[in-house]
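Please look over the sequence and the model shown here. The briefing that follows goes through them topic by topic.

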Amino acid sequence: MPDAGIAALMIAGGFAAGLFGSLLGLGGGVLIVPLLTLGFGLPLREAVGVSLVAVIVTSSASAGVYLERHVANLRLGMTLELFTAAGALVGGLVAFALSEQVLAGLFTVLLVYTAFTMARRRDVANPSSELTPVDTPDSEQPSTEPMPADGLDHPYAVRNLGRGIAGSLFAGVVSALLGIGGGLIKVPLMNVAMGIPLRVAAATSNLMIGITAAASAIIYLLRGGIDPYVAGPTAVGVFVGASLGSRTAHRIDVRVLRMLFVGVLLVTAWQMAGRALQ
């Protein structure tokens, strides 16, 4: 059981992870796993289990705000989440068969690739005036359903649903392996491959990551992979940070979000690469 000082540091770290995770739809796992392994010496697999709990908290704290403000695309999120949750169950079973070095190496590769992809991305206004129905992604006919436009400068349409489904399945597997909730993949996937504005992609991801994390967290819990003394203070900090982040996200320029995203990914990748080579 950690002493009061370490618990306070865990709360502070959870707060930062929750704030950042809520702003970008990542769930905070991208920061929590390195924080617990590199900063507190927790075994990587246990850090992943705690991170999944934190992801559930992040999603719970921020999803309602994004829905209330009509930024998140609920229909798209629930469609993709069916496949993400299936992947998370598979990943939870596979995770205990891999070594910590392999998991750290996978984490590093994923971070670098995602940072590179997002750094190249540029937001371009989509001429479509409505949201294409998710069950007919190749159709050129606009939907009669109004597009949620809170905080957006232009309308958008969903494209490449097939790629989104395949990517969501993969995101579920990676979520369970690395404790990231899948947002690290789903945000760039929706933004780059499906033409969803970054702010909408982050908000929609926040709806999905809690379900994704819960699907694999059950497996970690049954196998004793979640330390309640670490998960408790970390989750408290995450909840406060995520609540604050969800209420301030609409005030932050999307370019700032992108720079924050890429910068943190690269720093984290460098740290996790050292862990993989130990």
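Which helix gives the most to the nonpolar patch? Helix H9 (residues 228–248) does, with three residues. This is a predicted model, in which local features need pLDDT of at least 70, side-chain atom pairs count only at pLDDT 80 or more, and totals for chains, interfaces and linings use all residues. Residues are numbered from 1 along each chain as its sequence is written, and side-chain values use heavy atoms, with hydrogens and water left out.

**Confidence**
- The average pLDDT of the chain (the predictor's confidence in each residue, from 0 to 100) is 75, and 81% of the residues score at least 70.
- Residues 123–153 have a pLDDT below 50, and this stretch has 61 contacts in the model beyond near neighbours in sequence; contact means heavy atoms within 4.5 Å.
- Where pLDDT is low, the predicted coordinates should not be read in detail.

**Overall make-up**
- The chain has 10 helices and zero strands; these are DSSP runs numbered from the N terminus, with helices (H or I) of at least four residues and strands (E) of at least two.
- Of its 278 residues, 54% are buried, where buried means under 20% relative accessible area, exposed over 50% and partly exposed in between (1.4 Å probe, protein chains only).
- Among contacts with a separation of 6 or more, 84% are between residues 24 or more positions apart.

- Beyond its neighbours within four places in sequence, Leu111 contacts Val30, Leu184, Leu265, Thr268, Ala269 and Met272.

**Surface patch**
- The nonpolar patch consists of Ile11, Val236, Phe239 and Val240, which together have about 330 Å² of accessible area.
- Patch residues have over 30% relative accessible area and no salt bridge; like charges are joined within 9 Å, nonpolar side chains (Val, Leu, Ile, Met, Phe, Trp, Tyr) within 5 Å.
- Accessible areas come from the Shrake-Rupley method with a 1.4 Å probe, and for residues only the protein chains shown count as cover.
- Val236 lies in helix H9 and counts as partly exposed because its relative accessibility is 46%.

**Salt bridge**
- The whole structure has one salt bridge, a side-chain nitrogen of Lys or Arg within 4 Å of a carboxyl oxygen of Asp or Glu.
- Glu81 and Lys186 form a salt bridge through their side chains (3.6 Å, N to O).
- Both Glu81 and Lys186 are buried.
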